Structures are given as structure tokens and as C-alpha cells.
Amino acid sequence: FIAPGLAGLGIALALRVADSGAPFKPAADTVAAPAAAWREMLHSRPLRRLIVARMCSDPFWFFLFYWQNAYLQERVGLTLTDLGKWTWIPPAFSVAATLGLGVLIDRLIRRGQPPPQTRLRLLGAITLFAPVTLLLPWLRDPVASVCALTLVYAMCNAWLLLTNLLVTDVMPAGSVGTAFGLVSACGGLTSIVFNLVSGPLIDAVGHTVILTFGALLHPCAWLVVRRLASDPAAKPAGA
């Protein structure tokens, strides 16, 4: 507990130092547009799309985050010692995949591809991994289970990254922070409800129903946001 806390403080201090003079800071004479009230932001159709999409996708991400150990113990038969050997792999891979995704996005944008369309295309490609979730109830081998779980974990993490970036694409600069808070808060609310009902459902019918339902959530969220870049209400490029 102490070591991660100290590491977090060290990283926070390092980011604070590195932030001074960062190239993405606005010029001193740049005046951002005044922030709109959050109720007014809800009139933005692109933002509503993102909110609904995150309300669909966030619950399964939080379910995996909190319930993966229980799944691996109850369905795969891993011991506490085994969990220590295996459960670091999904988050470690998802961090590496997220870094790689960020590099890919930068390269595509430098080649002249519009940021919103680039992110949405990648989001659609990543969503193709959602059906891997359907394999989880039937896998009993630890290696196969952790591999499948790793792919799903990375998909969910990438969804968070790309939808957060899409907030900056569709909202004016002065409203990005509040809009991001709205998207995250609404996704958090449905995640709370999903996790509250998950325990009783798993006790009653097992993991299969929850995992099968979870496999549908990201594709449903993709159907909500797939036309985001062509929405006439979206923020114009450069706004």
C-alpha cells in the first residue's frame, strides 16, 4: 500500500514539473470560449450520444475490473497464489495497448486524417473484440482464460481512451472539462447499478448470463456513436 502511494505522488510531482511550458498550453493571448452550463451542454446531440454510449459501455468495464478475480477463482479454479501470477497481465497489456493506440492515432492524424473520423474508425475496429467475451464462460484453461480476458480488458480500456478523446472533438474548448465530467458521471451511475445487480445474478444463475449480456454492451454503444463525426451538431474542426 505504501509503495504504490509513494509512486503515485512521485508521478504526480513529475507531471506537475513537466507540465510547465508544455507545448499544448494555449498562448497567453488566447481567450477560450466561455464555458456553458452543464444543462445547456445536454442540448448538444453529439455529447448526448457520447453519454449514452458510455452509459452502455462503462458498466462492463467496471464489472471486469471488480469481478475478474472472482470469475478466475470460481470458473477457472485459480488459487490466490495463481491470481498473483496471472491477474497482472490484463492491466499491463491494456496499458501497453493504450500507449500503442495513442502512437497510431498521432501518426494517422499527422498524415492528414481528421481526428474524429480517425478515432471512430479505430473505435469500430476495437469493438470487434467484444465477441471474445462470449468465450469466457466456456474456458477452463488458465492460459486461454487470461488471454481472452486480456483482449476484452484492453478493448474496454481503449474504449475509455477514445471516447474521452472524442469529447474534445465535439465540444468547444471552454466546455471540455464539464462535458468530460458529465460523460464519466453518467457512465459511473449505470456502472453502480450494473455491479449492484451482478452479485445476486451470479449467485442465482452464474457468470454466463452476465458475461453474455456484457458482450453486447460495447457493440450497442458503437451503434450510438458511429455517426458522431458526420453529425451536423458536432463542433467544427478547429473550434
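Student: Which helix gives the largest share of the nonpolar patch?

Tutor: H8 does, with seven residues. This is a predicted model, where local features need pLDDT of at least 70 and side-chain atom pairs count only at pLDDT 80 or more. Residues are numbered from 1 along each chain, and side-chain values use heavy atoms, without hydrogens and water.

Student: What makes Leu-189, Ile-192, Val-193, Leu-196, Val-197, Leu-201, Val-205 and Val-209 a nonpolar patch?

Tutor: A patch takes residues with over 30% relative accessible area and no salt bridge, nonpolar side chains being joined within 5 Å. These residues form such a patch on the surface, with about 720 Å² of accessible area together (Shrake-Rupley method, 1.4 Å probe). Leu-196, for one, is placed in helix H8.

Student: Why are H8 and H9 called oblique to each other?

Tutor: Helix H8 (residues 176–205) and helix H9 (residues 207–225) pack at about 140°, their axes 7 Å apart. Angles under 35 degrees count as roughly parallel, over 145 as roughly antiparallel, 65 to 115 as roughly perpendicular and the rest as oblique. H8 and H9 are therefore oblique.

Student: How do you know that Asp-58 and Arg-54 meet in a salt bridge?

Tutor: The definition asks for a side-chain nitrogen of Lys or Arg within 4 Å of a carboxyl oxygen of Asp or Glu. For Asp-58 and Arg-54 the N to O value is 2.7 Å, so the pair is a salt bridge. Both lie in helix H3 (residues 45–76), four residues apart, about one turn of the helix. The whole structure has two salt bridges.

Methods: Axes fitted to C-alpha atoms, helices over the stretch in contact; angles between N-to-C directions. Helix = DSSP H or I, 4+ residues; strand = E, 2+ residues; numbered from the N terminus. Patch = residues over 30% accessible without salt bridge, like charges linked within 9 Å, V, L, I, M, F, W, Y side chains within 5 Å.
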